[in-house]
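Please consult the sequence and the structure shown here.

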Amino acid sequence: MGKRYLFVRRRRARNVLATVLAAAASGLVLGMLLRWKQPAAEVVPLATSQQRQPKSVDSDSGEDKTALVPLNEGLTQVISQLKQEVKAELTGFLPPKFQGVTLKEVKLPSKEKVIALTFDDGPWPGSTEKILKILKKNNIKATFFMVGEPLKEYPQIAQLVAADGHAIGNHTWHHWYHRMSEATAAREINDTEALIYKITGVKSSIFRPPGGMLNNGLVAYAKKQKYFVAMWSADSIDYRRPSVPTLVNKVLKESQPGGMVLLHDGGGDRSNTVQALPQIIDKLQNRGYKFVTIPELLEMQNKELQLAAAKSAGSNNSAGKISP
Ligand SMILES: [Zn+2]
């Protein structure tokens, strides 16, 4: 995400101009800006979407008022930039130290008991909604690694995931394991990235290779694009459809602070995962774990390390001083 990160930094400078211009524009424009600041209103209208925003229609004339106000091209461009900037601010960016890095877990210097639940291969009808319900009931945010094909098929389910505030990762378009050319890997990742953005408004900066394959060309391309490559430290093996107790025990056995737990909401019948999830949550909570998303986990480590570095710089400085 390096290029994108810098791009947004540059945009931030231009944002001052954009804000001034936008502020000088009509009340309608300001109204629109306010709407953009709300992620829930940022849903891309889809034929099947339940979340389509009602149009501003004049009740007397029945006309669409928004269509009556002409906007010059320059202003439209500025607004479009600002809109993207707001989206970027909402989704957050990867700390540079994690760009192009692959990790199975994110160790925190504080050893705080946090863990990230991750769900791959969705969105998937039935199971994703059930998982969202369980997570909401427990007030937990997780990370969903979405695949392009089902995402195209079930955009409204992906919008539910985003609306609930979960993090979204890129899990390629076709979920292929085989070795591929850079051009194919680029399509697999870029097409999925574009669709995630179009449907949810999220600029994802985290990638997980299908099957954990590290050498088929996908991870090489993802790293080049500065994605954080998220593997896992606890494997539920739910893709093998073990019994619910086996699945729960496997996760508990492999859970550790800063860990990432591999689960699946899509790719097949995930009723065992759905059934096991409340127990996994309960048991981990009983062991003192709090649940975070992968971006939160990265941000936590980044902050802790920055704080430690600042403290050590502070103590070095004071060590050099002569005591009175
Ligand atoms: Zn997968």
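Which unit do β7, helix α9 and β8 make? They make a right-handed β-α-β unit, in which helix α9 covers residues 244-254. A crossover is right-handed if, with the strands pointing away from the viewer, the path from the first strand over the helix to the second runs clockwise. Helices (H or I, at least four residues) and strands (E, at least two) are DSSP runs, numbered from the N terminus.

The model is predicted: local features need pLDDT of at least 70, side-chain atom pairs count only at pLDDT 80 or more, and totals for chains, interfaces and linings use all residues. Residues are numbered from 1 along each chain as its sequence is written, and side-chain values use heavy atoms, with hydrogens and water left out.

**Strand β8**

Strand β8 (residues 259-264) has six of its six residues buried (under 20% relative accessible area; exposed is over 50%, partly exposed in between; 1.4 Å probe, protein chains only). G259, V261 and L263 cover one side, and M260, L262 and H264 the other. Two strands pair if DSSP finds at least two bridges between them.

| Partner of β8 | Sense and bridges |
|---|---|
| β2 (residues 114-122) | parallel, six bridges |
| β7 (residues 234-235) | parallel, two bridges |

F119 has L263 as its bridge partner in β8, while D235 stands opposite L262.

**Zinc site**

The protein donors of the zinc ion are D121 (OD), H171 (NE2) and H175 (NE2), at 2.0 to 2.1 Å. Donors are N, O and S atoms within 2.8 Å of the metal (3.2 Å for Na, K and Ca); water is not among the atoms, so sites may look incomplete. D121 lies in strand β2 and H171 in the loop between β4 (167-170) and α7 (182-200), so this pair ties together parts 50 residues apart in sequence. D121 is buried, with a relative accessible area of 10%, and H171 is buried at 2%.
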